[in-house]
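Here are some notes to keep beside you as you look through this one for the first time. Take the points in order, with the viewer open.

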Amino acid sequence: MVASANTRLRLETAHLTALFGQHRAVRDVSLLFPAHTVTAIIGPSGCLNRMHELTPGASVQGEVLLDNVNIYAADVSPVELRRRIGMVFQRPTPFPTMSIYDNVAAGLRVNGGRRRAALDDAVSRALQQAALWDEVKDRLHTSALDLSGGQQQRLCIARAVAPQPEILLLDEPTASLDPAGTQRIEELCHALKRLYTIVIVTHNMQQAARVSDYTAFMYLGSLIEVGKTNEIFTKPKVEQTEAYITGRFG
Amino acid sequence: MSGASLRRHLTSRVMTVLIVVLSFTAVLALVLILGNLLVKGASSLDWAFFTKSPVPAGQSGGGVANAIAGTILIVGLAALIGVPVGVGAGMYLAEYGAGRLGFAVRFVADVLNGTPSIVIGIVGWTFIVKPSGGYSALAGSIALAILMIPMLARTTEEMVRLVPHSLREAALALGYPRWRTSLKVVARTALGGIVTGCLVGIARVAGETAPLLFTALGNLNFTTSVTQPMQTLSLQIYVYATGPFDEWHRLAWASALVLMGLVLVISLTARWVTRARYGRIR
């Protein structure tokens with residue numbers, strides 16, 4: 001059940017089980033996310049793993065290893081960890097009281113970055129990476145809420161990549177976007193995997209097929225099958241996976 | 001038109017009319033009060049009213065400058081004490097108040113919110129006026145602050161709770177520590193609502209009389225010393241309205257008009273702050 005062992009290891013889960021109250025959201029999942037690839041996690045609605053939820057409410061068994069260090073170990077600071085992992089959520093969440101510039105700079109400022117010139121550079125680089133620079137470069141200091149939904153989501157990607165994390169987690173990033181916005185985000189996944197290790201959670205199988213190098217199919221919190229995306233979608237090994245991707249259930 | 005459709009139509013009409021009538025009844029109270037105050041009080045508003053202190057009973061003329069200054073001082077001082085405590089408590093309740101302490105604070109705030117204001121006055125007399133050896137404006141401010149704190153705590157809590165959870169998650173995901181998330185993202189997003197809540201709370205206590213009767217007492221002379229008894233508009237109205245002289249009644253009406261105007265200005269500012277906030281956010 002290992003996607004590939006020949007690329008440099010970054011992120012891995014080992015027998016991970018996560019409980020949210022009584023609900024067992026993740027059951028004994030062992031997955032490997034190779035560096036500089038896009039790994040898609042697919043599955044029917046409500047069954048997707050939320051292993052990225054680093055919330056205190058979850059009780060976790062097993063390990064999530066980042067460079068062989070268990071992120072749930074007592075001596076790992078959650079704040080420090082979150083700076084290494086950038087996250088983008090289902091709905092765009094720009095900070096409503098901040099300008100476009102301040103939104104992107106937020107993660108840098110909290111890390112102690114205060115020098116104007118360095119901030120300017122980092123903000124423009126992040127916006128360029130998120131393919132938003134050309135649209136907002138003339139109005140960096142206007143409210144982030146004046147942007148369209150798709151632009152806001154790209155702003156959130158810019159905000160997530162500005163502190164230069166190692167891993168980028170996208171939790172159904174196109175769930176609230178129109179097809180054009182969706183396409184832009186998917187193009188970004190291709191462009192950004194050069195810089196980051198990307199994990200994308202999606203309900204949309206076509207999206208997984210389009211953007212990812214590896215695909216993990218989850219059902220009711222359990223890992224059913226994982227492999228190269230083109231193999232999962234053309235010749236899945238498990239009957240259940242085939243049933244799902246051909247639309248017979250889910 | 002079929003029977004069912006006709007009935008729906010009629011019900012809709014009747015309800016609409018009913019709602020309009022009820023709305024007007026609610027507004028009518030305010031219009032009557034304001035109108036009455038204007039009719040009976042406006043004629044007494046002159047330069048002397050705002051600049052002179054009261055003259056001895058029986059004489060005509062004089063003003064309520066002492067009471068206007070006193071109101072602004074006592075209410076301002078009350079806000080200075082009450083706003084940080086109330087807003088801080090509200091932030092705590094909304095962001096960290098899930099546990100037993102939060103429950104206790106919330107419960108106490110609700111009980112305090114329902115406490116008659118005259119009881120707060122007596123508390124102020126027992127715990128501040130008596131030990132300190134005399135009535136003072138400061139005691140009045142503290143009594144008003146006690147009245148204000150639970151209101152501000154609960155409205156702040158409501159406003160902070162309105163901030164979507166996704167914003168907190170987004171800030172935490174960027175590596176914000178919890179306290180910084182509360183301060184930089186949550187409080188800033190809720191700021192318009194919090195300021196509005198504060199202004200409404202201030203407007204509410206500006207008209208209070210009962211807590212001041214036992215604490216600030218009242219004073220016929222102009223003073224700005226907070227350790228001395230001090231007059232406020234509400235106390236002035238209380239004394240003048242219950243007194244025997246026509247001249248006093250005239251001044252009471254005018255004072256009531258000024259107090260009402262003051263509260264109205266604060267309320268309008270609150271509306272304007274809210275408008276400015278939602279105007280920007282759309």
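1. A definition to begin with: a residue counts as buried if 20 or more other C-beta atoms lie within 10 Å of its own. Please also keep in mind that this is a predicted model. By that definition, 40% of the 282 residues in chain B are buried.

2. Staying with chain B, you will find eleven helices and zero strands. Read from the N terminus, its elements run α-α-α-α-α-α-α-α-α-α-α. Its C-alpha atoms fill a box of roughly 65 × 65 × 35 Å, taken along the principal axes. If you take the contacts in chain B between residues at least 6 apart in sequence, 74% of them join residues at least 24 apart.

3. How is chain B divided by its domain assignment? The assignment gives domain 1, residues 3-44, and domain 2, residues 47-281. The C-alpha centres of these two domains of chain B lie 30 Å apart. Where they meet, seven residues of domain 1 of chain B are in contact with eight residues of domain 2 of chain B. On the domain 1 side, the touching residues are four nonpolar, two polar and one charged.

4. Next, have a look at where the two chains meet. Chain A brings 18 residues to the contact and chain B brings 17. On the chain A side, the elements that give two or more residues are α1 (78-84) and α2 (100-110). By class, the residues on that side of chain A divide into nine nonpolar, five polar and four charged.

5. Which residues of α6(A) are buried? They are A:Gly181, A:Ile185, A:Glu186, A:Leu188, A:Cys189 and A:Leu192. These residues cover an arc of only 155 degrees around the axis, so they sit on the same side of α6(A). As background, an α-helix has 3.6 residues a turn, so residues three or four places apart point the same way.

6. What do the buried residues of α6(A) pack against? Their partners in chain A are the strands β3 (38-42), β7 (167-171) and β8 (197-201), together with the helices α3 (116-129), α5 (149-161) and α7 (205-211). Turn to the face of α6(A) that points away from the buried side, and you will find the exposed residues A:Pro179, A:Ala180 and A:Ala191.

Terms used:
Residues are numbered from 1 along each chain as its sequence is written. Chains are lettered from A and ligands numbered from 1 in the order in which they are written. This is a predicted model: local features need pLDDT of at least 70, side-chain atom pairs count only at pLDDT 80 or more; totals for chains, interfaces and linings use all residues. Helices (H or I, at least four residues) and strands (E, at least two) are DSSP runs, numbered from the N terminus. A residue is buried if 20 or more other C-beta atoms lie within 10 Å of its own, exposed if 12 or fewer, and partly exposed in between; C-beta atoms are placed from the backbone. Two residues are in contact if their C-beta atoms, placed from the backbone, lie within 7 Å. The arc is that of the directions from the helix axis to the C-beta atoms. Ala, Val, Leu, Ile, Met, Phe, Trp, Tyr, Cys and Pro count as nonpolar, Asp, Glu, Lys and Arg as charged, and the others, Gly among them, as polar. Domain bounds come from an automatic or database domain assignment.
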